[in-house]
Amino acid sequence: MNHTRRNFLKFMGVAAAGLCAASAGSALAVSGAGSKIKDSATAVNAKRWGMVIDTKKCGTKEAIEVLSKACHSVHNVPNIPGKQNVKWIWAEGFEQAFDQVNNFMDESLEKRQFATLCNHCTNAPCVRVCPTQATYKRPDGIVAMDYHRCIGCRYCMAGCPFGARSFNFMEPRKHLDLTALNKEFPTRMRGVVEKCNFCVERLAHGKQPACVEVSNGAVVFGDLTDPASEVRKLLREHYTIRRKPALGTEPSVYYII
């Protein structure tokens with residue numbers, strides 16, 4: 001009995017040491033992997049980041065594909081064909097994006113496409129349901145992900161009412177163009193959820209999100225709490241809507257209609 005107990009305690013000690021080492025290794029990996037990035041001297045900061053998309057300037061699949069291509073290239077998003085595709089930004093029609101039906105909608109609006117992405121909600125249900133804190137909310141309002149903590153339970157996908165998350169059913173690294181790989185951002189592994197992160201890794205180095213840079217002014221990013229910011233100026237001057245406001249998630253993405 002004593003021998004068995006001694007072996008058990010030895011096993012637990014080794015296991016605990018292994019967990020500590022793994023945890024330390026994970027922390028080191030995360031610190032340089034884009035999930036929890038240290039800001040540089042040129043970092044841009046905000047109390048609450050938000051985005052305004054002018055759908056009159058960016059209202060076609062072709063225009064949204066430009067945003068998507070820039071985003072996916074920067075973040076090493078795998079190109080997996082079929083139903084298992086992974087997406088951070090994609091196009092939807094009005095009814096699909098806003099869950100509203102209007103039989104007498106203006107024809108131009110009816111045919112318009114809308115760039116959809118993670119809404120970085122103030123009251124994010126994905127954060128509440130994540131059992132490992134792999135999905136967490138930063139002080140600046142960005143809903144971020146720690147890929148090393150994700151266990152692939154997909155609770156966050158079930159909790160998100162916007163379909164903004166993708167699950168890597170397949171090995172994503174097999175679907176990447178290695179010649180065009182962005183070595184400044186981590187690749188993911190099979191069984192991990194991913195989504196738009198408002199380009200936290202670029203903000204940490206004083207850059208704008210990739211989609212903003214290629215949008216020709218159709219997408220504007222800034223501090224929602226700053227009355228002098230460009231996003232607040234657009235919200236004052238234009239009528240905007242958000243996706244599914246009745247749910248109370250308070251999205252940080254606004255659409256100029």
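**Figure 1. Overview of the protein chain, a predicted model.** The protein chain holds 9 helices and 10 strands (DSSP runs numbered from the N terminus: H or I of at least four residues for helices, E of at least two for strands). Of its 257 residues, 46% count as buried (under 20% relative accessible area with a 1.4 Å probe, protein chains only; exposed is over 50%, and partly exposed lies in between). The accessible surface comes to about 14000 Å², and carbon and sulfur atoms account for 54% of that area (Shrake-Rupley method, 1.4 Å probe). Among contacts (heavy atoms within 4.5 Å) between residues at least 6 apart in sequence, 66% join residues at least 24 apart. Residues are numbered from 1 along each chain as its sequence is written, and side-chain values use heavy atoms, without hydrogens and water. In this predicted model, local features need pLDDT of at least 70 and side-chain atom pairs count only at pLDDT 80 or more, whereas totals for chains, interfaces and linings use all residues.

**Figure 2. Surroundings of His120.** His120 sits in the loop between β3 (114–116) and α5 (125–129). The residue is buried, with a relative accessible area of 1%. A polar atom of the His120 side chain lies 3.0 Å from the backbone nitrogen of Val143. Neighbours within four places in sequence left aside, the contacts of His120 include Gly141, Ile142 and Val143, as well as Lys195, Cys196, Asn197, Phe198 and Ser252.

**Figure 3. Nonpolar cores.** The largest nonpolar core has 53 residues (buried Ala, Val, Leu, Ile, Met, Phe, Trp, Tyr and Cys joined through side-chain atoms within 4.5 Å). Met51, Ile53, Trp88, Ile89, Leu117, Phe198 and Tyr255 touch the most other members. A second, separate core of 7 residues includes Val220, Val231, Leu234 and Ile256.

**Figure 4. Salt bridges.** The count of salt bridges comes to 6 (a side-chain nitrogen of Lys or Arg within 4 Å of a carboxyl oxygen of Asp or Glu). Glu107 and Lys111 meet at 2.9 Å, N to O, and Lys111 is exposed at 60% relative accessible area. In the salt bridge of Asp146 with Arg149, the closest N and O atoms are 3.8 Å apart. Asp146 is buried, at 3%, whereas Arg149 is partly exposed, at 40%. Arg242 and Glu250 form a salt bridge with closest N and O atoms 3.2 Å apart. Here Arg242 is buried, at 18%, and Glu250 is partly exposed, at 33%.

Technical notes: A polar contact is a pair of N or O atoms within 3.5 Å; within protein, one must be able to donate a hydrogen and the other to accept it, and residues adjacent in sequence count only if both atoms are side-chain atoms.
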